[in-house]
Structure formats: C-alpha cells, structure tokens
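Work through the exercises below with the sequence and the model in view. Each task is followed by a worked solution.

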Amino acid sequence: MSERDWITWHDHYDTPGSSLSRHAPDLLTTICDWFEQDGFERIHLDSDGHYGVGVHRYTGPPRPLEPGVRMFTFL
C-alpha cells in the first residue's frame, strides 16, 4: 500500500448486514475513525439518510501486502 492508494466505500442504511442505521448506533463516523487510525486521510464523506459514502486516501508509509491476508469480505 502506498500514498497513491485510495479507498471508496459505501453502505446502505437499514439493510440486513448494514453497518449504518438511521437509529443508534450509526457507525458512519466509526468507520471513518477506523480508516483514519490506520493512516488514511478523509477526503470525502456524504450521507443522505439512505446511503453513506466515504473516500479515504492512504497517507502513511508504504506497507507490503501480506500474502494470504483477506482485506475485504463482500456480502
């Protein structure tokens, strides 16, 4: 991973397995915090009450990707 790497993520409110909810707890800012604690800078965050969309850019030192490590799981 290098400083040129960007992550764009989204989630839909109130769907099964969603991390976002219009009711407590809403994890939108928590997800941002997780990225920011791991060396990512918040570029954009938007929510319209149905979707949450975030864009983060990695600003930390280059890190090699570890073979066999899963970064994401899509449901």
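**Exercise 1: a surface patch**

L65, M71, F72 and F74 make a nonpolar surface patch of about 510 Å². This is a predicted model, in which local features need pLDDT of at least 70 and side-chain atom pairs count only at pLDDT 80 or more, while totals for chains, interfaces and linings use all residues. Residues are numbered from 1 along each chain as its sequence is written, and side-chain values use heavy atoms, with hydrogens and water left out.

Task: State where M71 lies and whether M71 is buried, partly exposed or exposed.

Solution. 
- Step 1. Recall the patch rule: members have over 30% relative accessible area and no salt bridge, with nonpolar side chains (Val, Leu, Ile, Met, Phe, Trp, Tyr) joined within 5 Å and like charges within 9 Å.
- Step 2. Strands (E, at least two residues) and helices (H or I, at least four) are DSSP runs numbered from the N terminus.
- Step 3. Apply the classes: buried is under 20% relative accessible area, exposed is over 50%, and partly exposed is in between (1.4 Å probe, protein chains only). M71 has a relative accessible area of 49%, so M71 is partly exposed.

**Exercise 2: salt bridges**

Task: Find how many salt bridges the chain has, and which residues form them.

Solution. 
- Step 1. Set the rule: a side-chain nitrogen of Lys or Arg lies within 4 Å of a carboxyl oxygen of Asp or Glu. Side chains of opposite charge can pair when their charged atoms come close.
- Step 2. Count: the rule gives three salt bridges.
- Step 3. Take R42 and E36, whose closest N and O atoms are 2.7 Å apart. R42 is partly exposed at 37% relative accessible area, and E36 is partly exposed at 30%.
- Step 4. Take D38 and R63, which meet at 3.4 Å, N to O. This pair links distant parts of the chain, 25 residues apart: D38 is in the loop between α1 (28-37) and β2 (40-47), and R63 is in the segment after β3. D38 is partly exposed at 39%, as R63 is at 34%.
- Step 5. Take E41 and R57, with 2.7 Å from N to O. They too link distant parts of the chain, with E41 in strand β2 and R57 in strand β3, 16 residues apart. E41 counts as partly exposed at 34%, and R57 at 23%.

**Exercise 3: the whole chain**

Task: Give the order of the elements and the share of buried residues.

Solution. 
- Step 1. The chain has one helix and three strands, in the order β-α-β-β.
- Step 2. Of its 75 residues, 25% count as buried.

Definitions and conventions: Accessible areas come from the Shrake-Rupley method with a 1.4 Å probe; for residues, only the protein chains shown count as cover.
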